[in-house]
Amino acid sequence: MCGIMGYIGEKPVQNILIQGLGHLEYRGYDSAGIAILDTTTKTIKVQKMLGRVEKLKQTMKPVAGIMGMGHTRWATHGRPSDVNAHPHSDCKGDLALIHNGIIENYLDLKQDLLSKGHHFASETDTEVIAHLIEEELKQQALKQQKTDLKTDLKKAVDTTLKKLIGTYALCVLHKNFDYIVVARNGSPLVLGLGKGENFFGSDVTAFIAYTKNAVYLNDFETAVVKKDSIQIFDKSGKPVKRNSTTINWDVEQAKKGGYEHFMLKEIFEQPRVVRDTLQVKISDDVVKLCKSAKKLFVIACGTASYAGLVGKYLIEQTAKIPVEWDAASEFRYKNPLIGRQDVLLVISQSGETADTLAALRLAKEKGAKVIGIINVVDSTIARESDQVIYTRAGPEIGVASTKAFSAQLAVLYRLAEKLSSTGKNLKLDSLPALIEKVLKQNDAIAALAKKYFMVYNFFFIGRNVMYPIALEGALKLKEISYIHAEAYAAGELKHGPIALVTDQVPTVALVPKNALYSKMISNIQEIKARNGKIIAIATEGDQEIKEHCTDVISLPKTDEVLYPFLATIAVQLLAYHIANLRECDIDKPRNLAKSVTVE
Ligand code: F6R
């Protein structure tokens with residue numbers, strides 16, 4: 001949540017910031033702003049406004065500077081508005097500060113600062129940090145008169161951080177200092193190392209166009225970023241040596257490549273993503289850990305949690321190992337019965353989701369081992385996991401997760417194979433070609449979307465491993481088209497929700513040819529008897545289904561265990577085309593952000 005981008009070097013900074021912020025908008029897009037140290041006047045120039053980076057770009061005034069930072073916001077404290085946009089300033093406008101995270105004790109701090117005469121311009125929690133640093137620098141200046149000590153921005157930030165309760169990735173630029181101070185606790189921050197120039201960002205997409213050498217900050221670390229050096233310090237102020245990581249994808253992968261939306265591009269990348277992720281080696285250590293676990297847990301949030309639910313069904317059915325599944329936000333607060341002999345599988349695309357990270361930390365505190373299934377290399381969750389399996393989805397920019405989900409499934413399927421004592425072969429290598437076949441139906445699904453894009457409510461139903469795909473289908477439709485959609489295990493519909501079925505409430509039924517086919521047909525009949533329209537996602541060549549359903553999307557014939565991958569593509573495309581017809585902002589749906597780093 002919130003995107004941060006900063007630069008210090010020799011090039012004009014303004015366009016670098018705007019370009020970097022453009023790549024980070026998927027992290028939040030309520031408002032945007034930049035702060036630059038104006039080389040001519042030696043003052044800090046802040047330009048910020050409600051709305052997107054593009055609007056800022058169109059309206060901002062040119063500022064000559066080689067040192068600056070920018071922010072794109074996902075509002076927490078203080079509604080989206082011009083004044084609440086970052087960067088924030090101290091009373092005199094000598095410093096600018098950007099922040100991603102939440103300061104829980106900001107009201108107390110604000111009260112104290114107000115009593116000392118500080119003036120606040122915004123309703124945000126962030127602004128208190130700017131004034132606290134101002135206050136520290138003021139105290140330093142007073143001492144300076146007596147002791148001749150120089151004022152020190154880094155020291156002022158360190159002292160301020162000790163007063164904060166909450167989470168932050170924050171960056172401070174001051175007109176009197178030739179460096180920028182950055183710090184992190186609970187929100188991601190990564191430094192980019194260039195030649196005679198350095199960068200920082202919420203993630204590497206901010207600066208991947210300029211450098212592939214990245215250094216990740218850990219919690220409670222600060223860094224002093226200069227144009228030709230970066231120094232990292234730990235909590236006690238001791239310098240930290242850390243090697244840089246080379247990013248193994250390039251800027252082209254983070255572009256739309258001719259597609260109208262990132263989401264569509266990412267849907268179409270899935271044959272490649274699944275092929276690559278199936279090559280990932282699952283280490284013997286991971287297999288040993290899972291097999292020796294007294295209890296195996298799988299937790300995640302949102303789409304990743306639905307991948308985890310497929311994983312639960314599959315590991316239980318293929319490897320005969322019981323798995324407990326939970327949403328991370330529930331797991332962390334229910335005092336879970338997890339201990340030293342247990343193993344927690346955490347799944348996350350970003351590797352930064354606050355609830356997932358908190359669940360991981362809780363499990364580790366209780367002595368459990370953690371295996372991460374993560375997409376973003378070196379992200380916080382990846383670094384804090386005991387073992388990591390990286391998915392190979394590449395950068396996922398569309399806020400609605402698509403290819404990361406398929407990649408997570410690919411890992412979970414491979415893991416289920418490895419855990420099966422009979423060496424079960426799930427015939428996964430056929431998947432990329434099967435997915436290609438579903439993608440060929442894009443035009444047919446787009447045509448189908450025209451029939452349904454005006455309705456207000458949808459149901460999705462499925463059984464067994466198709467149930468989590470129903471959940472995922474409903475989530476995709478909700479988040480990008482704003483149509484209300486509910487998913488049910490098909491047998492549950494008659495226990496209440498069927499009361500809502502009318503000819504205006506269509507149901508997407510996931511009904512491939514599998515062991516529960518006839519049970520699904522019964523559920524479809526129940527809906528049909530109440531005038532409900534049914535879009536069946538079924539197996540090609542299934543003549544019977546056509547008699548029961550209003551419309552059919554056909555999946556290629558394959559082993560029943562593989563249908564979750566194929567049905568996923570169909571529900572993603574359906575959601576995409578419906579949202580497109582409703583002219584929704586598909587890559588940046590309202591109220592959402594890609595990486596949920598606050599709880
Ligand atoms: C939905 C979506 C979210 C994420 C969830 C977890 O399309 O993208 O539900 O799946 O916020 O995010 P990660 O996987 O980054 O932990």
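1. Thr-539 is placed in strand 24. Helices (DSSP runs of H or I, at least four residues) and strands (runs of E, at least two) are numbered from the N terminus. At 3% relative accessibility, Thr-539 counts as buried, because buried means under 20% relative accessible area, while exposed means over 50% and partly exposed lies in between (1.4 Å probe, protein chains only). Leaving aside neighbours within four places in sequence, Thr-539 is in contact with Val-511, Pro-512, Lys-513, Leu-555, Lys-557 and Tyr-563; contact means heavy atoms within 4.5 Å.

2. The model under review is predicted: local features need pLDDT of at least 70, side-chain atom pairs count only at pLDDT 80 or more, and totals for chains, interfaces and linings use all residues. Residues are numbered from 1 along each chain as its sequence is written, and side-chain values use heavy atoms, with hydrogens and water left out.

3. Strand 24 (residues 534–539) is mostly covered, since six of its six residues are buried. Two strands pair if DSSP finds at least two bridges between them. Strand 23 (residues 507–510) runs parallel to strand 24 and is joined to it by four bridges; Ala-509 has Ala-536 as its bridge partner in strand 24. Strand 24 also pairs in the parallel sense with strand 25 (residues 551–555), over five bridges. Here the bridge partner of Thr-539 is Leu-555.

4. How does the chain cross from strand 24 to strand 25? The path goes through helix 18 (residues 543–548), and this β-α-β crossover is right-handed. Strand 23, helix 17 (residues 517–528) and strand 24 also make a right-handed β-α-β unit. A crossover is right-handed if, with the strands pointing away from the viewer, the path from the first strand over the helix to the second runs clockwise.

5. The model also contains an open sheet of seven strands, with antiparallel pairing and the order 5-6-7-8-12-13-14. Strand 5 (88–89) and strand 14 (239–240) stand at the edges with a single partner strand each, so one side of each is left without a neighbour in the sheet. Strands of a sheet pair through backbone hydrogen bonds, either parallel or antiparallel. Within this sheet, strand 8 (residues 180–185) and strand 12 (residues 221–225) run antiparallel and are joined by five bridges. Val-181 has Val-224 as its bridge partner in strand 12.

6. Which strands does helix 4 lie across? Helix 4 (residues 127–147) lies across strand 5, strand 6 (95–100) and strand 7 (168–174), running at about 140 degrees to strand 6. Helix 5 (residues 153–161) packs on the sheet and touches strand 7, strand 8, strand 12 and strand 13 (230–233). The direction of helix 5 makes about 145 degrees with that of strand 7. For these angles, axes are lines fitted to C-alpha atoms, for helices over the stretch in contact, and values run from 0 to 180 degrees between N-to-C directions.

7. Strand 9 (residues 190–193) has two antiparallel pairings to record. Three bridges connect strand 9 with strand 11 (residues 213–216), where Tyr-216 is the bridge partner of Val-190. Four bridges join strand 9 to strand 10 (residues 198–201), where Phe-199 is the bridge partner of Gly-192. The hairpin of strand 9 and strand 10 has four residues between the strands, and Gly-196 in this hairpin takes a positive phi near 70 degrees. Phe-199 also belongs to an aromatic cluster with Tyr-7, Phe-207 and Tyr-210.

8. The structure holds 10 aromatic pairs. Rings of Phe, Tyr and Trp (its six-membered ring) pair if their centres lie within 6.5 Å; planes under 30 degrees apart count as stacked, over 60 as edge-to-face and the rest as tilted. Tyr-413 and Phe-565 form an edge-to-face pair, at 4.8 Å centre to centre with 65 degrees between the planes. This pair links distant parts of the chain, with Tyr-413 in helix 13 (residues 403–419) and Phe-565 in helix 19 (residues 563–581), 152 residues apart. Tyr-413 is buried, with a relative accessible area of 1%, and Phe-565 is buried at 0% relative accessibility.

9. Lys-320 lies in the loop between helix 9 (302–319) and strand 17 (323–327). Is Lys-320 buried or exposed? Lys-320 is exposed, with a relative accessible area of 64%. The C-alpha atoms of Lys-320 and Leu-419 are separated by 8.6 Å, although these residues are 99 apart along the chain.
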